[in-house]
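Here is a brief report on one protein model.

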Amino acid sequence: MENIFFEQGHKERFEKALLKTGHSKENSEFSSCLYILTSDIMHQYINDCFDFINNCIKPDALKKCWQTGSTYGLTCLAFNLFTENTPIPSDTSDEQREDVIIRYSVARVFWSLDMHNTNIAIMGIKIHEGLV
């Protein structure tokens, strides 16, 4: 994997998180999700977003009070890259499901990001697609 990290701390956090899952960098679902979740804006919330015991995402992280426009967008993208679907928080009513799906749209995700976090998102997609 080429140098895809914008700072040394991100690389160290990513490698540590990936090691905790027991998966290699070649697993694009884990790598792309964890790349985003270990970024400078997200790493402090990784345990709210990812369950390292069961190696799965925690969709209810979308309802945490720390979410901002940027963190929400990155969380949605990380979850979508991990599942290749739209994970719905457990207590979402049928009426709210469509709204959640709309919020996961790529256009909506990128709309909420500044240039630095846009670069994080694009790199996460490239990792998922095996382009880096």
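## A covered helix

Helix 2 is mostly covered, with nine of its ten residues buried. Buried means under 20% relative accessible area, exposed means over 50%, and partly exposed lies in between (1.4 Å probe, protein chains only). Helices (H or I, at least four residues) and strands (E, at least two) are DSSP runs, numbered from the N terminus. The buried residues of helix 2 are S28, F30, S31, S32, C33, L34, Y35, I36 and L37. Their cover includes helix 1, helix 3, strand 1 (50-51), strand 2 (56-57), helix 4 and helix 7.

N27 caps the N-terminal end of helix 2. One of its side-chain oxygens lies 3.2 Å from the backbone nitrogen of E29. This is a polar contact: a pair of N or O atoms within 3.5 Å; within protein, one must be able to donate a hydrogen and the other to accept it, and residues adjacent in sequence count only if both atoms are side-chain atoms.

## Basis of the model

This is a predicted model: local features need pLDDT of at least 70, side-chain atom pairs count only at pLDDT 80 or more, and totals for chains, interfaces and linings use all residues. Residues are numbered from 1 along each chain as its sequence is written, and side-chain values use heavy atoms, with hydrogens and water left out.

## Overall layout

The protein has seven helices and two strands. From the N terminus on, the elements run α-α-α-β-β-α-α-α-α. Buried residues make up 45% of the 132 residues. Contact means heavy atoms within 4.5 Å. Among contacts between residues at least 6 apart in sequence, 58% join residues at least 24 apart.

## The nonpolar core

A nonpolar core is a set of buried Ala, Val, Leu, Ile, Met, Phe, Trp, Tyr and Cys residues joined through side-chain atoms within 4.5 Å. The largest one here has 35 residues. Within this core, L34, Y35, I36, L37 and F50 touch the most other members. Helix 1 (8-21), helix 2 (28-37), helix 3 (46-49), helix 4 (69-83) and helix 7 (115-128) each supply at least two residues. Helix 4 gives the largest share of this core, eight residues.

I36 shows the reach of one side of this packing. Not counting residues up to four places away in sequence, I36 touches M42, L74, L77, A78, L81, I120 and G124.

## Aromatic rings

The structure holds eight aromatic pairs. Rings of Phe, Tyr and Trp (its six-membered ring) pair if their centres lie within 6.5 Å; planes under 30 degrees apart count as stacked, over 60 as edge-to-face and the rest as tilted. The centres of the F30 and F82 rings are 5.0 Å apart and their planes stand at 90 degrees, so this pair is edge-to-face. F30 lies in helix 2 and F82 in helix 4, so the pair ties together parts that are 52 residues apart in sequence. F30 is buried at 8% relative accessibility. F82 is buried at 15%.

F82 also pairs with F50: the centres are 5.7 Å apart and the planes at 90 degrees, so this pair is edge-to-face too. F50 lies in strand 1 and F82 in helix 4, so parts 32 residues apart in sequence are tied together. F50 is buried, at 1% relative accessible area. F30, F50, F52 and F82 form one aromatic cluster. The charged end of K20 sits over the ring of F52, 4.2 Å from its centre. That label requires NZ of Lys or CZ of Arg within 6 Å of the ring centre and within 35 degrees of the ring normal.

## Cysteines

How many disulfides does a search of the whole structure find? It finds zero. A disulfide is a pair of cysteine sulfur atoms within 2.5 Å. For C33, the nearest cysteine sulfur is that of C49, 8.1 Å away. C33 is buried, at 0% relative accessibility. C56 is partly exposed, at 29%.

## Two further buried sites

T118 lies in helix 7. T118 is buried, with a relative accessible area of 14%. Its side chain reaches the backbone oxygen of D114 at 2.8 Å. Leaving aside neighbours within four places in sequence, T118 is in contact with F110 and L113.

G73 lies in helix 4. G73 is buried, at 3% relative accessible area. Not counting residues up to four places away in sequence, G73 touches V109 and S112. The C-alpha atoms of G73 and L62, eleven residues apart along the chain, are separated by 9.5 Å.
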